[in-house]
Amino acid sequence: MPNIKIFSGSSHQDLSQKIADRLGLELGKVVTKKFSNQETCVEIGESVRGEDVYIVQSGCGEINDNLMELLIMINACKIASASRVTAVIPCFPYARQDKKDKVGSRAPISAKLVANMLSVSGADHIITMDLHASQIQGFFDIPVDNLYAEPAVLKWIKENIPEWKNCTIVSPDAGGAKRVTSIADRLNVDFALIHKERKKANEVDRMVLVGDVKDRVAILVDDMADTCGTICHAADKLLSAGATKVYAILTHGIFSGPAISRINNACFEAVVVTNTIPQEEKMKHCPKIQVIDISMILAEAIRRTHNGESVSYLFSHVPL
């Protein structure tokens with residue numbers, strides 16, 4: 001693949017390497033370091049003049065440092081005369097701050113701010129996965145490809161849950177109903193949803209199950225799990241409603257704060273996440289966590305974008 005360069009930020013080297021291997025490319029040389037006053041410094045170690053550049057950086061770990069590093073890398077490539085710079089952001093940072101709520105009317109819309117920062121730094125194109133709200137694409141004036149983990153999730157369910165034909169796909173909140181109905185339709189099974197009321201962020205007050213899970217396997221599906229309060233509450237609710245087993249499948253496993261101990265104490269058969277965020281450390285402390293590799297979806301999106309092909313095939317198929 002001539003005229004293409006892939007660089008990795010420091011947030012998820014493993015995923016970047018898998019993407020490069022899949023495309024048969026070497027990762028570009030880049031040195032990221034911090035000065036003693038904690039300013040980020042990035043040096044691109046090879047020529048990018050006239051090249052099609054892809055920078056892989058996920059919104060995880062030290063989120064603000066990683067975001068700043070991404071902006072600086074994009075700008076460094078842009079002013080070194082790269083013909084096009086694409087930011088590959090598997091987990092989009094600040095995606096949950098996407099609107100003003102009725103309550104906190106002075107809240108910021110940080111997702112829009114991040115979109116502006118990426119555009120101003122010089123990004124020409126964004127590739128991301130399972131945005132918290134699809135409308136975030138409209139915060140940009142540049143093309144955004146929002147890929148879906150759904151085909152990989154369907155594949156995992158069929159290969160790893162023997163009783164999948166007798167399951168119910170459950171959304172832990174009303175916001176994820178669309179995602180869940182799509183998966184339920186593809187599997188030809190029923191769906192349910194849990195209505196939750198929050199008193200404040202990261203704390204769930206009460207839950208109501210809408211739908212039937214009695215004597216069935218319940219599969220909770222959501223786009224992300226942070227402190228895991230919601231999915232652990234939901235799992236208890238499903239068991240008390242008569243579910244035989246409970247699985248959780250999440251695109252972005254953030255798992256901050258008490259998440260790991262909550263999962264260990266909860267009644268899940270497995271908590272399945274994709275590797276948009278590194279999970280190696282968390283898997284050591286939690287045997288229930290299993291990982292679906294989505295590097296081939298991102299790699300194929302990069303290949304198709306570079307060659308000027310359609311990406312929509314990836315919305316319903318896992319590349320072989």
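Contact means heavy atoms within 4.5 Å; helices (H or I, at least four residues) and strands (E, at least two) are DSSP runs, numbered from the N terminus. The model is predicted: local features need pLDDT of at least 70 and side-chain atom pairs count only at pLDDT 80 or more, whereas totals for chains, interfaces and linings use all residues. Residues are numbered from 1 along each chain as its sequence is written, and side-chain values use heavy atoms, with hydrogens and water left out.

**View 1. Residues at the contact of H2 with H3.** From H2, Leu67, Leu70, Leu71, Ile74, Asn75 and Lys78 meet Val114, Met117, Leu118 and Ser121 of H3. These residues comprise 7 nonpolar, 2 polar and 1 charged (Ala, Val, Leu, Ile, Met, Phe, Trp, Tyr, Cys and Pro count as nonpolar, Asp, Glu, Lys and Arg as charged, and the others, Gly among them, as polar).

**View 2. Axes of H2 and H3.** The axes of H2 (residues 63-79) and H3 (residues 110-121) cross at roughly 25° and come within 8 Å. H2 is therefore roughly parallel to H3, a term for angles under 35 degrees. Axes are lines fitted to C-alpha atoms, for helices over the stretch in contact, with angles from 0 to 180 degrees between N-to-C directions.

**View 3. Setting within the protein.** The secondary structure comes to 9 helices and 14 strands. Along its principal axes, the C-alpha trace spans about 60 × 45 × 35 Å. Of the 320 residues, 53% are buried (under 20% relative accessible area, 1.4 Å probe, protein chains only). Among contacts between residues at least 6 apart in sequence, 62% join residues at least 24 apart.

Notes. Parallel < 35°, antiparallel > 145°, perpendicular 65-115°, else oblique. Buried < 20%, exposed > 50% of the residue type's maximum accessible area, 1.4 Å probe, protein only.
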